[in-house]
Amino acid sequence: MDAAAERLVRGELVAFPTETVYGLGADATADRAVASVYAAKGRPTFNPLIVHVPSFADAEALVTFTPAARALAERFWPGPLTLVLPRRPDCPVSLLASAGLDTLAVRVPAHPLALALLERVGRPVVAPSANPSGRVSPTTADHVLQGFSDTLLPIGVLDGGPCRVGVESTVVQVEGDVVTLLRPGGLPRGAIEAVLQSELRRASPIAGPAPTLHSPGLLESHYAPTLPVRLGAQGARPGEVLLGFGPSARADLNLSERGDDVEAAANLFAMLRALDALGAARGAEAIAVMPIPEKGLGEAIVDRLRRAAAPRP
Ligand code: TXA
Ligand code: MG
């Protein structure tokens, strides 16, 4: 833990566990450190990053909270919710982390190692998922090491075992009392709507033309395994490996035999990786995925799978 905190303070990269996925951390106040995150991920620099802090008070030093944003933070932090809010004029976070926007995405992760590390570092930490851009997000320390094995950057990994939630945080933008869902994630939409007592606005580039391109990071092709992905499969065709869901599924791997959305989210990225490996071993040409209901965390799961299946650049 000490070594990890020292590395971050020196401007180096450290991967650490959160309840959602492993993050590739860097000092958010150092332009060079933030730039090296983009470089390590091979991420287009127009994609802004999430800043992680250990408490609500620390977030208040960076962005301006509206009453709606405060209500969400009080209810869900620490936890898998990211709030996009206006930067304060004195916000010390690198402008590069906002990728040219006047807003900043912040969250307080619910993982003891993440919180201890953030406390020790004493400054905000940017942490996109710790995988090369466009690929499957890591839910174990081994996944992180596999992803960066052929880069020369020194990347330390704090090993906290498998991530409990398994998909990234839900990202919402708060503008006054208008709250827009930018990315479905580990906190179900219904939980947020219950606190707001209203429906979230939806901004999805996949469902037709984007209303405003609020979240340039919502790239259509993302979270992709090496093999092509076919959705809505009723079974495996020749040359496919099959990812199932639910009790009747006769699949190579099953996200949740009891049809549970929370269990399925936790398994999603590890199983996509495992099917990539199985498919390669069998000379398969694609991963087929059975239908998954968009209820609870199913919305985030289906969102990730659609991106994994989208045409690749
Ligand atoms: O669960 C998570 O959120 C993980 C863990 C490590 O905390 N982190 C993560 O970060 O997924 P990242 O950088 O991969 O995801 C950032 C998402 C992207 O969809 C990006 O477009 C959006 O948040 N985002 C960040 N800043 C934004 C901003 N200022 N305005 C709109 N969207 C923003
Ligand atoms: Mg990511």
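Just after helix H6, glycine 122 takes a positive phi of about 70 degrees, where helices (H or I, at least four residues) and strands (E, at least two) are DSSP runs numbered from the N terminus. This is a predicted model, in which local features need pLDDT of at least 70 and side-chain atom pairs count only at pLDDT 80 or more, whereas totals for chains, interfaces and linings use all residues. Residues are numbered from 1 along each chain as its sequence is written, and side-chain values use heavy atoms, with hydrogens and water left out.

**Helix H6**
- In H6 (residues 112-121), Ala114, Leu117, Leu118 and Val121 are buried, that is, under 20% relative accessible area with a 1.4 Å probe and protein chains only, while exposed means over 50% and partly exposed lies in between.
- Seen down the axis of H6, these buried residues fall within an arc of 100 degrees, taken from the directions from the axis to the C-beta atoms, so they line one face of the helix.
- Pro112 and Glu119, on the other side of H6, are exposed.
- The buried residues of H6 pack against helix H1 (2-9) and strands S1 (13-17), S3 (50-52) and S6 (125-126).

**Nonpolar cores**
- Leu83 and Val172 touch the most other members of the largest nonpolar core, which has 48 residues; such a core is a set of buried Ala, Val, Leu, Ile, Met, Phe, Trp, Tyr and Cys residues joined through side-chain atoms within 4.5 Å.
- Apart from it lies another core of 28 residues, among them Val21, Val136, Val241 and Ala264.

**Cysteines**
- Cysteine 91, at 11% relative accessibility, counts as buried, and cysteine 163 is buried at 5%.
- No disulfides (pairs of cysteine sulfur atoms within 2.5 Å) are found in the whole structure.

Conventions. Chains are lettered from A and ligands numbered from 1 in the order in which they are written. Contact means heavy atoms within 4.5 Å.
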